[in-house]
Amino acid sequence: MFILYGIPVGIALGYLVGGRLEHLEELRFRVAWLAVAGLLVQLVLFSGVADPVTGGGIGEAVYVGSTAAVLVAVLANVRVPGVLLVAIGAISNLVAVVANGGVMPTTVAALEAAGLSPRDGFSNSAVLVNPSLAPLTDVYAVPAGIPLANVFSVGDVLIGVGIVAVIAFGMRRHD
């Protein structure tokens, strides 16, 4: 959810640099359907609807596969200004998830700061005792009481900043 903050910030920055929202219509993304499909799979996977079918490593495999699909779509658009940051963040997240068996580790402290508790069933953030690549995991929190409070990673920050850049650059005239 942290990444969603990039949208209004990108729009505000786009206006500050003299951009116009309608210029975003000129942006063309290759294989955008792949990113949308991967994100929709994750939406279902983490909504709780898929809990009965995510046991035995299936959820982890689906998470890694859908994240990889989104990364492929991002890499196909790396020439769009700002997308390189999104790609670096997505790679960071994918590496952390793969290194931890298909889950993104978090800490009890980060969950508590966000006003969350560990979730039963498959979740996009799971408390692990000794996670691999801990600095790349969901160790930060948007504090409880702030809209979209949740845990997030360095990769999420890079993705968010990349989204800001894509929107702000995209709002500028492309002559």
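G102 lies in the loop between α4 (83-99) and β1 (104-106). I noted 9.5 Å between the C-alpha atoms of G102 and I58, which are 44 residues apart along the chain.

The model is predicted: local features need pLDDT of at least 70, side-chain atom pairs count only at pLDDT 80 or more, and totals for chains, interfaces and linings use all residues. Residues are numbered from 1 along each chain as its sequence is written, and side-chain values use heavy atoms, with hydrogens and water left out.

I then listed the elements: 6 helices and 4 strands, taken as DSSP runs (helices H or I, at least four residues; strands E, at least two) numbered from the N terminus. Their order from the N terminus is α-α-α-α-β-α-β-β-β-α.

Next I examined α2 (residues 32-46) against α3 (residues 58-75), whose axes are 7 Å apart at an angle of about 155 degrees. The axes are lines fitted to C-alpha atoms over the stretch in contact, with angles from 0 to 180 degrees between N-to-C directions. The two helices are therefore roughly antiparallel (over 145 degrees). Their contact (heavy atoms within 4.5 Å) includes L39 and F46 of α2 and Y63 and V70 of α3.

For the whole chain, I recorded that buried residues make up 38% of the 175 residues. The C-alpha trace spans about 50 × 35 × 30 Å along its principal axes.

Conventions: Angles under 35 degrees count as roughly parallel, over 145 as roughly antiparallel, 65 to 115 as roughly perpendicular and the rest as oblique. Buried means under 20% relative accessible area, exposed over 50%, partly exposed in between (1.4 Å probe, protein chains only).
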